[in-house]
Every structure is written in C-alpha cells, then in structure tokens.
Amino acid sequence: MTHSSPQKTIAIIGAGLSGLSCATKLQAQGFKVQVFEKSRGPSGRMSTRNGKDWTADHGAQYFTARDPLFIEELNNWINAGISAAWHPHIKVFENGQWHERASTEKRYVGIPAMNSPGKYLAENLPMHFNQTIDQIDRQDGQWVIHSLESGNINQQFDWLVLALPAVQTFTLSNLVDKSVEKADAQFKMMGCWTVIASFAEKLNMPFDAAFINDEIIGWICRNNSKPARQGLETWTIHANPQWSQQSIELEKEEAGKRLLECAKRLGLDCQNAQIFLHRWRYASGSIDAKPGFRAYQHLKLGLCGDWLHGGRVEGAWLSGYQLALQIKNE
Ligand SMILES: Cc1cc2nc3c(=O)[nH]c(=O)nc-3n(C[C@H](O)[C@H](O)[C@H](O)COP(=O)(O)OP(=O)(O)OC[C@H]3O[C@@H](n4cnc5c(N)ncnc54)[C@H](O)[C@@H]3O)c2cc1C
C-alpha cells in the first residue's frame with residue numbers, strides 16, 4: 001500500500017490578478033489553496049465602478065500581451081468571452097498641440113468590464129471576500145493568519161503568498177521578518193487620482209482615448225469605445241503619476257476641481273456630468289520586470305505582484321504564475 005503525503009495548504013492574500021494567477025497555477029499543481037481578499041470582489045486594480053446607469057473601468061484601462069505564457073492565457077480569456085481586442089482612436093496632447101498616435105500596439109480589455117478576467121479566475125478558487133488580513137505569524141512551522149473582520153482564521157497553512165502592493169506587503173512581512181522589506185525597499189509605488197464623468201448624451205470628442213503630456217492629467221478615455229460596454233456615455237480621467245503622488249493628500253473636492261478645470265482646457269467639459277472621484281494610493285510602480293517574484297523557501301513565504309514584474313497587468317499575471325512554479329509539493 002502506498003501512502004501519499006497530504007496536500008500542502010497555501011493561503012494567498014490578495015485577489016488581484018497576481019494572486020489569482022498564483023492561486024490558479026498552485027491549484028493546478030495539486031495544492032489546497034484559500035484566497036483572502038479585503039474587498040467584496042476579485043480583480044484588485046483591474047477594477048470597474050458601477051453607478052446609476054453607468055459603468056466605467058477606473059483602474060487599469062487596457063493591457064498588452066508580449067510573453068508567450070500570457071498570450072496563451074489571453075487566448076483562453078478570449079475563447080471564454082471575457083476579453084477582447086480594443087481598437088481606440090488615440091490622440092496625444094503635447095507642447096500645447098494635438099497629434100494622432102501612430103502605434104501598432106495591440107490593446108486588450110476585459111469584457112464586458114475590466115474586472116471580468118479576475119471574476120473568471122476567481123470562479124474556480126476557494127475565495128474569502130471581506131477579509132482584511134492584518135496579522136500573520138509562524139507557529140511550529142505553520143502560518144497562522146488573522147483578519148480584521150473574522151479574527152483568527154481557523155486553519156493553518158504550509159505556505160503563505162502575499163499578492164499585494166509593496167507597502168501592504170511589507171506591513172505584513174515585517175511582522176515576521178524585517179529582512180524581507182530590506183531586500184526590496186527600493187520599490188516605491190505612485191498614487192493616481194481618478195475622475196469618472198458620466199454624461200446623459202454622447203459627446204462629440206475627436207478621440208476615444210488620449211495620452212496627455214505636460215498637464216496634470218495623463219490619460220482620458222471614453223469607456224463606451226471599448227467592446228461590450230453598456231450604459232451612459234462615461235469618460236475616465238487619470239491624473240499623471242507625478243502630480244497624483246505630490247497631491248495625494250489633497251481633499252477630494254480640491255483634486256476633482258483641479259482635474260476638471262484641466263479637462264475643460266483639453267476640450268472635455270464635465271459641467272453637466274455626474275462625477276465620481278477615486279484616490280488610488282498605490283497605482284503604479286517599477287517598470288522593471290525584475291526580480292519577477294520572491295520565494296523565501298526557509299520561511300515558506302512567497303511575494304508576487306506587479307511591483308516585482310514591470311508594474312502592469314501582464315507583469316502581475318506573470319509574477320503570480322512564476323512564483324507558483326517555485327513552490328514545490330514535497
Ligand atoms: C489608475 C490605474 C491605472 C492603470 N492602468 C493600467 C493600464 O492601462 N495597463 C496596465 O497593464 N496596467 C495598468 N494599471 C496597473 C494594473 O492595474 C496592475 O498592474 C495590476 O492590476 C496589479 O495586480 P496585482 O495583483 O499585482 O495587485 P492588485 O490588483 O492591487 O491586487 C492586490 C489585492 O490585494 C487586496 N488587499 C490589499 N491589502 C489586503 C489585505 N491586508 N488583506 C487582504 N487583501 C488585501 C486588494 O484589495 C487587491 O484586491 C493601472 C493601475 C491603476 C491603479
């Protein structure tokens with residue numbers, strides 16, 4: 001008679017794309033995973049906001065796919081009907097002038113919304129939403145975790161994966177080992193102020209999306225130009241990372257006022273729009289794809305997230321996937 005060793009258990013904290021990709025791959029490798037997420041749904045910064053008769057992607061706007069592994073994943077998403085190519089008419093505003101954006105870049109979005117790939121991955125995983133993990137500890141070689149909402153989680157884990165932005169990662173990892181932060185303290189993330197403007201009627205703007213240089217706004221996009229979008233005409237405005245970071249503590253009303261003034265100068269008058277404002281404290285980070293992820297075998301602790309892998313959607317997915325390959329079921 002053969003005795004197979006019991007399946008190893010892994011807690012993944014964070015249900016953004018990196019955590020979901022890591023959990024999916026670990027589950028496929030035979031681990032028993034549990035995913036803990038502080039929000040009420042999956043997807044993290046690939047997020048969609050719903051208002052009265054409108055819906056808008058207010059985090060990641062689109063993504064690209066260059067790595068063969070991510071291209072394969074994207075093809076699965078396209079076949080599953082949760083992602084599609086987006087062909088916007090893009091302009092650039094620079095030195096006070098508008099230009100056409102000549103680009104052959106292939107851009108993709110989730111359909112019907114940016115959070116669709118995250119929802120799709122989460123469907124096949126044991127998810128625990130509304131669970132803010134605020135304490136982690138190692139006891140007798142096992143991980144014990146605690147959530148703000150539920151207290152001690154009634155299970156111990158062989159491995160722990162933190163799939164969080166850098167600052168939130170270090171807040172938790174410092175509870176067990178300060179050297180984890182020291183290795184990666186150089187990774188800083190920048191904030192992003194976001195305005196969503198929803199209009200009763202279609203606007204007559206000469207582009208679907210625009211990159212703005214030399215202004216406090218960095219990006220403007222008509223959500224309804226993306227495939228499978230429904231509802232009122234809605235535009236997303238992102239402030240540029242530098243201004244956002246410098247102004248991250250502004251009162252919401254003041255940040256909104258300055259961004260709407262700038263939008264008006266750029267031809268997007270939001271006077272008659274319903275306005276929604278969001279402050280992302282940790283929006284974007286390093287654009288370097290290294291180190292990719294961290295696997296501390298002696299602690300049985302893994303770190304993944306976009307900040308370790310280029311700061312974008314594709315990097316987040318790859319970071320989680322590559323970390324999962326380093327965790328062995330032995
Ligand atoms: C405004 C904005 C615009 C962007 N534009 C683009 C773009 O156009 N193209 C592109 O490719 N990328 C873009 N990005 C970046 C892209 O969204 C990210 O790279 C990617 O979504 C990050 O995934 P992640 O899993 O690493 O992190 P996240 O998506 O941040 O996931 C982390 C998750 O952890 C959860 N969490 C945090 N703390 C805890 C805790 N203590 N306990 C439990 N759960 C916790 C969070 O709620 C979140 O769901 C943009 C991001 C923002 C904010």
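Student: What should I know before we start?
Tutor: This is a predicted model: local features need pLDDT of at least 70, side-chain atom pairs count only at pLDDT 80 or more, and totals for chains, interfaces and linings use all residues. Residues are numbered from 1 along each chain as its sequence is written, and side-chain values use heavy atoms, with hydrogens and water left out.

Student: Which residues come nearest to the ligand?
Tutor: Ser18, Glu37, Arg45, Tyr62 and Asp306, out of 36 residues around the ligand.

Student: How far is the ligand from the side chain of Arg45?
Tutor: A ligand oxygen is 2.7 Å from an N or O atom in that Arg45 side chain. A ligand nitrogen also sits 3.1 Å from a polar backbone atom of Lys38.

Student: How much of the ligand does the protein bury?
Tutor: The protein buries 93% of the 1000 Å² that the ligand exposes when taken alone. Those areas come from the Shrake-Rupley method with a 1.4 Å probe.

Student: Switching topic. Which residues have the most contacts inside the largest nonpolar core?
Tutor: Ile10, Ile12, Leu26, Phe63 and Trp77, in a core of 48 residues. A nonpolar core is a set of buried Ala, Val, Leu, Ile, Met, Phe, Trp, Tyr and Cys residues joined through side-chain atoms within 4.5 Å. Buried means under 20% relative accessible area, exposed over 50%, and partly exposed in between (1.4 Å probe, protein chains only).

Student: What is Leu26 in contact with?
Tutor: Leaving aside neighbours within four places in sequence, Leu26 is in contact with Ile10, Ile12, Phe31, Val33, Ala324 and Ile327. Contact means heavy atoms within 4.5 Å.

Student: Next, Thr194. Buried or exposed?
Tutor: Thr194 counts as buried because its relative accessibility is 0%. Its place is in strand β14, residues 190-199. Strands are DSSP runs of E, at least two residues, and helices are runs of H or I, at least four, numbered from the N terminus.

Student: Which side chain makes a polar contact of 3.4 Å with that of Thr194?
Tutor: The side chain of Trp280. Thr194 and His238 are also joined through their side chains, at 3.5 Å. A polar contact here is a pair of N or O atoms within 3.5 Å, one able to donate a hydrogen and the other to accept it; residues adjacent in sequence count only if both atoms are side-chain atoms.

Student: And why does Glu123 count as exposed?
Tutor: Because its relative accessibility is 62%. Glu123 lies in the loop between α3 (116-122) and β9 (127-128).

Terms used:
A residue is near a molecule or strand if one of its heavy atoms lies within 4 Å of it.
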